[in-house]
Structures are given as C-alpha cells and as structure tokens.
Amino acid sequence: MKNNRFGLSRRQFLAAGGTLLAAGSLDLLYARSALAQAISQAMPLFTALRPARKGILTAAHWGAFEALVENGKMVGVQPVEDDPAPNELITMAPYQVHAANRITAPMVRQSWLEHGPGSNTALRGRDKWVSVSWEKATELVANDIRRLQREHGPSAIYAGSYGWKSTGMLHNSRALLHRLMNLAGGFLGYSGDYSTGAAQVIMSHVVGSMEVYEQQTSWPVVVESSELVVLWGCNPLVTLKNSWNVPDHVGLEGFAALAAKGTPVICIDPVFSDSAKALNAEWIAPKAYTDAAMILGLAHTLLAEKRHDEAFLARYTTGFEKFRAYLLGESDGLVKSAEWASEICGIAPAQLRQLARRMAGQRTMLMAGWGIQRQHRGEQPHWLLVTLAAMLGQIGLPGGGFGFSYHYSSGGSPTARGGILSGISAGVAPAGSPPPIPVARIADCLANPGKTIAFNGKEVTYPDVKMVYVAGGNPFHHHQDTNNLLLAWQRPETIVVQDPYWTATARHADIVLPCTTSYERNDMDMGGDYSQRYLFPMRQCVPPQHQARSDFAIFQAIATRLGVEQAFTEGRDEMLWLKKLYDDMKQQARNAGVPLPPFDLFWQSNNYIRFPVPEENKKWVRFADYRADPLLNPLGTPSGKIEIFSKTIAAMHYDDCAGLPGWQPPQEWHGSAQALRYPLSLNTAHPAHRLHSQLDNTPLRQKYAVSDREAILIHPQDAVTRGIQSGDLVRAFNDRGQILVGALVTEAIRPGVVRISEGAWYDPAEPAEPKTLCRNGNVNCLTFDIGTSRLAQGNCGQMAQLEVEKFTGAPPPNTAHAVPESARQPIRNAR
C-alpha cells in the first residue's frame, strides 16, 4: 500500500522511521560508523535530498558550491550538480577566506581609545590603530551603547546596517544587530532600500504592491507566449548571476531559451550590454535619464493611432482620461508626441512610432530594470511603464504586461512546493523607539539633526545620531556623494564596524570587530529567491581565520555585557538555532507532502534539499486573477485598480511628484546648466565580476580593471576630442569629486555617455584634503545625494554630469585593498 502523501510504501515509511529513530539515539561523537550506516540506509528514501559529490556544501550570493579543503585551507570549489549556469564568482571563495586584507584582531582608533567618544573625528580614516582583546572591544561597545541609551535614548544609535550581508539565515548580521539593539533599549532604523527606493514606493500607490520584489509570470509561459521582449534599462545576464539568498540561475536558463527560440528582443539602454549581445537584440540607445520622455512619446503614438486598449483601460484602471489630456497637451500646451519625445531622448520620431506599433501588434513583455528609478524623478519611469502596459491591454495575459524583477534573483523561476526557512528574528522594538528614516538619507540625517523632510505623505524629523553601528554593509561604497558622506561621518561620537576586511567603511570607524566569512561558520539558506526550490546547508569549511568571530558570537558577547544574553540566545548555540530553523521548515515540508530526515542526519549527510515544482506553478501568470475578475481580486490600491492617476499622491501636493506620471527634467542631465561645464552623462551599473563592492579585493580584478583602476567606457567620438585611447589613465571629475579610471574606448556606448560600474573600493590619495582623488575609481565620488522626490526619497545613484581628461604624470599607487599601515603592526593596548 502506498502512502500517497509522501510517495513511500508503508513498509518503506516504517523502515525509514525505524532507522532514523535508531540513529537519533546515537551519540554523534562516539558512534560515527553506526551513524554512517543509518544515513546510508535512510537517505535514499528521502527523494528531495541531493548529495554533494566531492566537497563541503556551502553557498554564497553567487551560487551554491562544494568547498575543497586541504589541511585546514580552502583550495578550490566546484558548483553543485543542479546549478544550470555556474557562476565563476564562486571560484573566489578561497581568496575571500585567505585574503591579505583580512582584519586580524579587534582594533580601536587611537584618539577614540585615549580620549573617549567624539575625539578627533576628523582623523577617521587616517588615525593610528590600537589592537585590543575581544574582551576589551566588547566592553567598549557595550559601555557606549549603555551610555547613549541612558543619556540620549534609542534615537541616538543608528543600527540600520544596510547592505548585502553574507548569505545565511542565522548569521544574518542585520537581524542580529537589530535583535541586540531592541533588547538594549531600541535604535534608529531605516525604511526602503537603495536598490528600489523610488519604485517600491510609487508602485504601492499604482498597483497596490511594491511590485519590484513580486513573483513574475513564470519563465515557461514567457518563453512560450511572449512574441516581443523589451529589456528597458537592465542587463539581466549580468545581474542574474547573483541573488539576495542563493541563486537558482533559472532566469539565465529562461533568457537562453528565448534566444534559442529566436524571440525578438529589444534592449533600450545607452550601453550595448552583454545581454544585448548574447540575445542578438535590437539596440535602442536613448540619451541618459530621458526614459520618461521616451515612454510618453510611445504612449502618445498608441493614443494618436488608436492602438490603445480602451476596454482594458476602462475596466482595470482609473485616471486615464487625465493622462490622455496630459499627452495631448491640454494642461501645459505641450503635446507629448514622438517629435516632442525625440527632442529630449534623441531617438528618431519614426523609430519611436515603429516601436509603439510593434508593441501593440505583438504579445509584448516589458522587462524593466531598476537603474532608471535610481535617478532624480525616479518614480516616473516605472509609473509610466505600467501606464504604457495598461494602454497595450496585455496585463494579466500569458507572456504580456510588465515585470520588474526578471533581471533580479530569477524572478519568474516557478515556485516550488516544500518548506521555507525562516531566519532568526530581530525581535520587537520597545516602546519609545524612533520612527525609521528613508535609508538613502543617512548622510543628510547625520549632518542635519533636527531637520524635517517630507516622505510619502508624512514628515520625518532627523534625530541627533551619536553612534553608527555597521555590520554586513559598506556605506562608503553604496552611498552617493562620498565626499559629502565623509563630512557627515565626522559628526557621530562613535562608529562601530563589523567586517572581515579593511574596507573604506572599516578604515573610517572607531572600533573595528573582525567577523568571519560565511565559510568559517555553520549556517543554512534557501536557494532561489522566488522559487524557494532549494535548502542549502552552509557547513563550516575552515576554522575562523586570525581572531575573527562569527556575527552571532560577537553580538552574544555584547549582549552578555548588557545583561541580555539569555534573551538574545534563548539558550541556544549555533547548532541548536540551526536545528530549530530546520525543524520549523521540516514541518512545513511535511504538510506539503515532502518528507525530510531529522536535522542531525541531514547535517551529517552533506546533502542539500531540492523541493518539487508543481506543474501548475510553471503556468502561473502575474495579474491573471485580477484580469479574470477585478471585483473579486482587487489590487491593493484605494480604487482596487491600476491607478494611472493617484488621488492619494495628488493630495500630498508635491511639486516634484504629482498625482499623474509625466516628464520633469532632472537636476542634472544633458539639457541642464551643469552640462555646459560637464558635458558627459554618467551611466553606472552593476559590475560583471563582483557583487557591488564584494570581491573587489580578489583576482577577478584582472578581468575588468584597466591600468589597475575601475574601467570607464567612452565612445570614440568623445575619446578622440580628449586625446584618450584605450588603456589610458583618465581623471573623471565634477564639482563633487574626482576619480582615477582606466579608459576602454568602444562603440558599444552612446556618444555623450560614459559608463563606470559601481563597487570600486574608495581610496583617497590625500585623506586630509577635501575632494581628493580616489585612486581606485569609486564612482560615488561623482554622484549627488538628494532624494528622488519628496514622495519616495530614494537615491539618485545612477546619474551625474561629469568631464574626463587624460591623466598625466606618474600614476599614484592604488592602495584600496591594502591593510592600513598602522594596522599591520598596531599599537598594543596596555590596559
């Protein structure tokens, strides 16, 4: 007789249970042979398990893999067997562990240690370092937390710790930091993120959800039904290599299937990207930052030629009549025709009209990236793309509509059936905790305590921040206008940074706590951010290097000094926490009909889990339920419909984000006054050979660095007038800063635009001099730090006007990845 729920016969089920019960009674320290026998007998009965082939199972943002270890040192890796598109970034794991710029011991800035918090803060980044014991370091941190809570309250401690922390659901540095601070009395946190700050706010008003992190129409449906795919401002074959958790790389499979089928693809981007090349796509290169105007030109063509879907707009949207009037220029006298749009975006009117006709005549999927909303007025392009998709009338149809996460973490990878691993909780904020600030406004907050800003219909007043605690993040990479951040960074009394490496953020701290990489501790994480198809054990591969400690151990030690250790640990160590997380997930899997072994056997087996994907999930279409019955399946907007006009936003009376989407010139663009002095428009995007700033300190640099600096792509037309050739060192500059980059002259970029990837570690030539040259090419020395609008207060990290010139003279040394001189032989603390 079959047990239909698990697909096992009754005899198999009882046999497995007996074997596992017997194994569970074994002492894991003294009965390994018996345990191994029990595992070998029981494991084949659990069909969701997938064995490692050679090494120790672990994972990272760039993929799951097996670590190869010899004599306590990681010497190599190999991808797991299920990975359809292994990422070369996994080969950098040994370099991560054994990096030359690891922080080897707890360090304290000399002035801070000798004179107390707030001492000589202008010396951050160039003061001497003093080596202290872990006991002393945790005492200093705990005492200052206690002091600030007592004297100023929780609003004095910013523990946002934003950033791409290491994978792992237990050693989640952000959650652990928040857990500690909530137990200690509260803290100032943040809302939103740098990735989608503008889009997630505007989409909540337009379609009732953030949308940028929602599951997309499944890839099998797209491959089968989409007749035209438009990639707008994204480069998915680069960005899909990595995920917030662990990638399943199904999105890369999906694009490969599109290419194999010959589905027409159009890439709209000032750069002819890797994706455009691989997909044999048609390239349309508008002028930088003009996406909103270009979309309006397409929309006007649909309206003028009566190619829009009036029935869809009437039933599923609200506010189109106001948008129609805007397109026709009834409110401002400017008809948003293809000719009008062409003057702004630089694409010929005939080409705009032809594109609109192609979209209307075929089942079209608009796949948009997030770079177009990390700009001044960044709310508008995504709002307009939804409006354009609504005019086409294909939202909710197989292969049609829009999707804002096909380029991220394999959105559209069909969802599996099984269990979901929950992470350790950050706990509950105590009474009196301050409201969060928009994440991208942190420098403004540090520099201007008491200032009030508008944010999504409310007002936020900045508190006076006395401490910044960073764990799992790197603000000196991801925040805009680095030189402005440097000044703001001098205001807090204490800055604590927890990191494995001497990043620029760590160099500008007062107290540095060396934490392990994820390969030096035990953890677990899910694979497939949208599919949730895998669970990967992240087994400790090598011992902690130098004096590094795990994030959990560091926060536990601080919690002990604050008198909240029991509440922080709940009586569990690392392995007991992993067992709890696994057991909770295992019960969900059981309810879904997927049997899993007990935790001890799972952990010892060196297997990972692959959950099944139901056939119906491979056919899922986003917004299909809404299209089928909008009354029974309303959206989360006030009207329950797609809001082309938002009464809610209109009532906020923001002059930089009205209730209707449209075109407003950004602060800097080719049509601004700044362009007279700085004629080149910056295009910055995700790098192909690292994740943001992660892995910039590895040998992969040899694949992208030009003259040992970050590369700048420049069109031959712009290069020849400046006497620049490929391989030359180039100084890129504007009023905010200057950076040294290596030239790559190419026709794969629009004239008037240059590209510099984000993520290069900041390396100031003369730290004491304002706006000094960054010798490694950190692009945020050039970007500006204002909110996208008063609605979302997102960041404007992917735009700036600049100029470039050939660098003359002896090239300065690049020390971005070196250990600070005083930390190589630090002063030893005598106390």
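**Burial and overall form**

I looked up burial first: 64% of the 831 residues of the chain count as buried (under 20% relative accessible area; exposed is over 50%, partly exposed in between; 1.4 Å probe, protein chains only). The model is predicted, and local features need pLDDT of at least 70, side-chain atom pairs pLDDT 80 or more, while totals for chains, interfaces and linings use all residues. Residues are numbered from 1 along each chain as its sequence is written, and side-chain values use heavy atoms, with hydrogens and water left out.

Along the principal axes, the C-alpha atoms fill a box of roughly 80 × 75 × 55 Å.

**Cysteines**

I searched for disulfides (pairs of cysteine sulfur atoms within 2.5 Å) and found zero. Cys 267 is in none; its nearest cysteine sulfur, that of Cys 234, is 7.1 Å away. Cys 267 is buried, with a relative accessible area of 3%. For Cys 541, the closest cysteine sulfur, in Cys 515, is 16 Å away, too far for a bond. Cys 541 also counts as buried, at 7% relative accessibility.

**Contacts**

I took contact to mean heavy atoms within 4.5 Å. Of the contacts in the chain between residues at least 6 apart in sequence, 76% join residues at least 24 apart.
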